[in-house]
Amino acid sequence: MRDQKTRKQFIKLFMKTRLAISELFDRYSMGQRDFRDIDLHDVILSWSNLSDIDLSGANLSISIVEGICLSDAKLCQVNMSHSDITVADLCCADLSQANLYKADLRGADLTGANLTHADLRGADLTGANLKNTKFLKTNLTGARFRKSELSDAIFCS
């Protein structure tokens, strides 16, 4: 059973559709919000406004999304490992089961975000606003929280 699940995840990873950034912006500006399972790894989306977008299952690993607005975004199972997400607006974003391994989230605003079952191993959350953020069964091994706002954050292993 476990091998079958791993195989399906492997196949899903390599079947993602690569989308040009210009096409993403064009479709978004025309009102499309569903961009699930797309491949945007190793891209630069800095200082863009993509609030309320659905990037569930998308691959944004090794990307630079510094200052991006992803407030109210659906980012379930998104892969943002090794990405620069500094000073990003992720307020109320659903990052459940997200891969944020070694992500740079310094100064990011994650107020009210859902990080249930997310992987934040080695992530840098220095100076991040984590007010009312849910960390339920989140892997925080080696994560850094220096000078972060943690009031009313919910932690449960």
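Which residue lies over the face of tyrosine 28? Arginine 33 does, at 3.7 Å from the ring centre. This is a predicted model.

## Aromatic pairs

A pair of aromatic rings is described by the distance of the centres and the angle of the planes. The count here comes to two aromatic pairs. Phenylalanine 135 and phenylalanine 145 make an edge-to-face pair, with 6.2 Å centre to centre and 80° between the planes. Phenylalanine 135 belongs to strand E3 (residues 134-136), while phenylalanine 145 sits in the loop between E3 and strand E4 (154-156), so the contact ties together parts that are ten residues apart in sequence. Phenylalanine 135 is buried, at 1% relative accessibility. Phenylalanine 145 is partly exposed, with a relative accessible area of 23%.

Phenylalanine 135 also pairs with phenylalanine 155, and this pair is stacked: 4.7 Å centre to centre, 5° between the planes. The link joins distant parts of the chain, since phenylalanine 135 is in strand E3 and phenylalanine 155 in strand E4, 20 residues apart. Phenylalanine 155 is partly exposed, at 43% relative accessibility.

## Salt bridges between and within elements

The structure holds eight salt bridges. One of them joins arginine 18 to aspartate 39, with the closest N and O atoms 3.5 Å apart. Arginine 18 is in strand E1 (residues 17-18) and aspartate 39 in strand E2 (residues 38-39), so this bridge ties together parts that are 21 residues apart in sequence. Arginine 18 is partly exposed, with a relative accessible area of 45%. Aspartate 39 is buried, at 13%.

Arginine 27 meets glutamate 23, and their closest N and O atoms are 2.5 Å apart. Both residues lie in helix H2 (residues 21-29), four residues apart, or about one turn of the helix. Both ends are partly exposed: arginine 27 has a relative accessible area of 30%, and glutamate 23 stands at 32%.

## A charged network in the loop

Arginine 106 forms a salt bridge with aspartate 124, the closest N and O atoms lying 3.9 Å apart. Each residue is in the loop between E2 and E3, so the bridge ties together parts that are 18 residues apart in sequence. Arginine 106 is partly exposed, with a relative accessible area of 40%. Aspartate 124 is buried, with 10%.

Which residues are linked in a network of salt bridges? They are Asp104, Arg106, Asp124 and Arg144.

Methods
Residues are numbered from 1 along each chain as its sequence is written. This is a predicted model: local features need pLDDT of at least 70, side-chain atom pairs count only at pLDDT 80 or more; totals for chains, interfaces and linings use all residues. Side-chain values use heavy atoms; hydrogens and water are left out. Rings of Phe, Tyr and Trp (its six-membered ring) pair if their centres lie within 6.5 Å; planes under 30 degrees apart count as stacked, over 60 as edge-to-face and the rest as tilted. Helices (H or I, at least four residues) and strands (E, at least two) are DSSP runs, numbered from the N terminus. Buried means under 20% relative accessible area, exposed over 50%, partly exposed in between (1.4 Å probe, protein chains only). A charge sits over a ring if NZ of Lys or CZ of Arg is within 6 Å of the ring centre and within 35 degrees of the ring normal. A salt bridge is a side-chain nitrogen of Lys or Arg within 4 Å of a carboxyl oxygen of Asp or Glu.
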